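Hi everyone, and thanks for making time this morning. Let me bring the model up on the screen so that we can walk through it together.

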Amino acid sequence: QVQLVESGGGLVQAGGSLRLSCVASGSIRRIATMGWYRQPPGKKRDLVATITSGGGTSYADAVKGRFTISRDNAKNTVYLQMSSLKPKDTAVYCCNAGAQAMSFLWGVYWGQGTQVTVSS
């Protein structure tokens with residue numbers, strides 16, 4: 001079993017910055033792509049950014065140039081540095097990971113999410 005736990009959310013003023021972290025733990029053999037998603041109030045969940053095990057990244061158009069995804073493979077951790085935040089960035093941010101357990105079984109795992117609120 002693999003668990004993902006996010007941290008770093010909170011309340012910030014427009015134009016400010018936040019850094020989210022997501023740590024994977026449990027019976028992990030290896031982790032492939034990790035990503036961040038967000039779900040604004042009353043809306044569907046959307047992809048924010050992804051990063052491969054080799055460091056390749058991709059971003060949603062809405063966050064390009066403002067958000068940076070990174071990871072520390074030794075710590076099984078993925079980060080999301082968010083800058084120039086806007087009220088429309090307000091959402092619950094969740095991380096996910098494609099991971100292989102020690103049983104050799106692959107699965108996609110999700111964290112519970114962390115709230116980010118940007119005030120105007």
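I'll start with a sheet, then turn to a loop residue, and finish with the core.

First, some ground rules: this is a predicted model, so to speak, where local features need pLDDT of at least 70, side-chain atom pairs count only at pLDDT 80 or more, and totals for chains, interfaces and linings use all residues. Residues are numbered from 1 along each chain as its sequence is written, and side-chain values use heavy atoms, with hydrogens and water left out.

Now the sheet. Four strands make up an open sheet in the order 1-3-8-7, with antiparallel pairing. Strands here are DSSP runs of E, at least two residues, numbered from the N terminus, and two strands pair if DSSP finds at least two bridges between them. At the edges sit strand 1 (2–7) and strand 7, each pairing on one side only.

Gln3 stands opposite Ser25 in strand 3.

Buried means under 20% relative accessible area, exposed over 50%, and partly exposed in between, using a 1.4 Å probe and protein chains only. Strand 7 runs antiparallel to strand 8 (residues 77–82), with six bridges between them, and Phe67 faces Met82 in strand 8. Four residues lie between these two strands in their hairpin, where Asn76 takes a positive phi near 50°.

On to our loop residue. Gly8 lies between strand 1 and strand 2 (10–13). Is Gly8 buried, exposed or partly exposed? Gly8 is partly exposed, at 35% relative accessible area. Leaving out residues up to four places away in sequence, Gly8 touches Leu18, Arg19, Leu20 and Thr114; a contact means heavy atoms within 4.5 Å.

Last, the core. A nonpolar core is a set of buried Ala, Val, Leu, Ile, Met, Phe, Trp, Tyr and Cys residues joined through side-chain atoms within 4.5 Å. The largest one has 29 residues, and Trp36, Val48, Phe67, Val78, Leu80, Met82 and Tyr93 touch the most other members. Strand 9 gives the largest share of this core, five residues. Beyond its neighbours within four places in sequence, Val48 is in contact with residues including Trp36, Phe67, Leu80 and Tyr93.
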